[in-house]
Amino acid sequence: MTVRHIPRKRFGQNFLVDDGIIDGIINAIAPQRSDHMVEIGPGLGALTVPLLTRLDHLQVVEIDRDLIARLREHHSSEKLTIHEGDVLKFDFAALGGNLRIAGNLPYNISTPLLFRFAEFAGHIRDVYVMLQREVVERMVAAPGDSEFSRLSVMLQYRFDMEMLFDVPPESFDPAPKVESAVVRLMPFATPPHPARDEAVFSSVVARAFSQRRKTLRNTLKGVIADADFARLNIDAGARAQELSVADFVRIADAVTASA
Ligand code: SAM
């Protein structure tokens, strides 16, 4: 008899138990046998098992040794490759390209993980993940929305994103305190507004959002002059939240040009 696994809070373990939601996620992914798929945090296998029935092979990244032992017990290494360890340190590039990533993510690491997907975007075909709904709302927010943030700009620069459906707390065991949602990310072949220097773009966005209430004139003081704002036709009295991804790229390109 298999002993019941006690969910570990520190690993964000809320296991999916609602078959309707599980089917909804699998149908959205629509796996094809030869897909090159990686699941993050397979846990007790809520998504892993239906994925394995549709795929020739699946790779998973899991940090919890007890859960890894269970997965080894139930699945052959021919069907399932288990990468033990922290997904925040995982080298997705080592798996090659055209990766399909799926997972009901540990919410405590969702923001750094999303930034990691952006880093590996060139190796990714698509990503289907469950996250805290509030995070998904920030990801897909439009300029001017109160949720529009650094995360929105950095992810929208690289991915086409769609919030697919909401998932209530009762769909998990134990039930989390927050609402969840499933989102799809598809990397653009080329960003629609490519920055001349992405490191400069990233640092301009981080600075602009570092003090959300301050104007760009203040947050970007010493980075770009008032005259440059005027030349770019961007209001220096605006706040970061009001600018589009394209505006941030124009500012970053002006900074790059003057360096
Ligand atoms: N996929 C399962 C499900 O839907 O029921 C489990 C989801 S649970 C929210 C998150 C899973 O991610 C757990 O299995 C947990 O052990 C694993 N996990 C947590 N932190 C991780 C990390 N840093 N790297 C890899 N896996 C992690």
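**Figure 1. Salt bridges in the predicted model.** The count comes to 15 salt bridges. A salt bridge here is a side-chain nitrogen of Lys or Arg within 4 Å of a carboxyl oxygen of Asp or Glu. Side chains of opposite charge can pair when their charged atoms come close. Glu84 pairs with Arg72 in this way, with the closest N and O atoms 3.6 Å apart. This pair links distant parts of the chain: Glu84 sits in strand S4 (residues 80–84) and Arg72 in helix H3 (residues 65–74), 12 residues apart. Helices (H or I, at least four residues) and strands (E, at least two) are DSSP runs, numbered from the N terminus. This is a predicted model, where local features need pLDDT of at least 70, side-chain atom pairs count only at pLDDT 80 or more, and totals for chains, interfaces and linings use all residues. Residues are numbered from 1 along each chain as its sequence is written, and side-chain values use heavy atoms, with hydrogens and water left out.

Figure 2. The protein is divided into domain 1 (9–187) and domain 2 (198–258). These bounds come from an automatic or database domain assignment. The C-alpha centres of the two domains lie 32 Å apart. The contact (heavy atoms within 4.5 Å) takes 12 residues from domain 1 and 15 residues from domain 2. About 1100 Å² is buried between the domains, and carbon and sulfur atoms give 67% of this area. Buried area is the accessible area (1.4 Å probe) that two parts lose on being put together, summed over both. In domain 1, Arg150, Val153 and Tyr157 lose the most area to domain 2, together 44% of what that side buries. Between the domains the count is 1 salt bridge. Arg158 also forms a salt bridge with Glu198, the closest N and O atoms being 2.6 Å apart.

**Figure 3. The largest pocket.** Its volume is about 440 Å³. Of the 31 lining residues, the closest to the centre are Phe11, Gly12, Gly41, Asn104 and Pro106. Strand S1 (15–16), strand S2 (37–40) and strand S3 (58–62) each give two or more residues to this lining. The lining divides into 18 nonpolar, 9 polar and 4 charged residues. A pocket is an open set of points on a 1 Å grid over the protein atoms alone, where a 1.4 Å probe fits, with protein on both sides within 12 Å along at least five of seven lines; lining residues have an atom within 4 Å of a point. Volume is the space filled by probe spheres set on the points.

**Figure 4. The second largest pocket.** About 300 Å³ of space lies here. Of its 14 lining residues, Lys9, Gly12, Asn14, Pro176 and Lys177 lie nearest the centre.

**Figure 5. Two backbone details.** A cis peptide bond joins Asp173 and Pro174, with omega about -5°. Pro174 is in the loop between strand S8 (172–173) and strand S9 (180–187). Ala30 has a positive phi of about 45°, although it is not a glycine.

Notes: Nonpolar A, V, L, I, M, F, W, Y, C, P; charged D, E, K, R; others polar.
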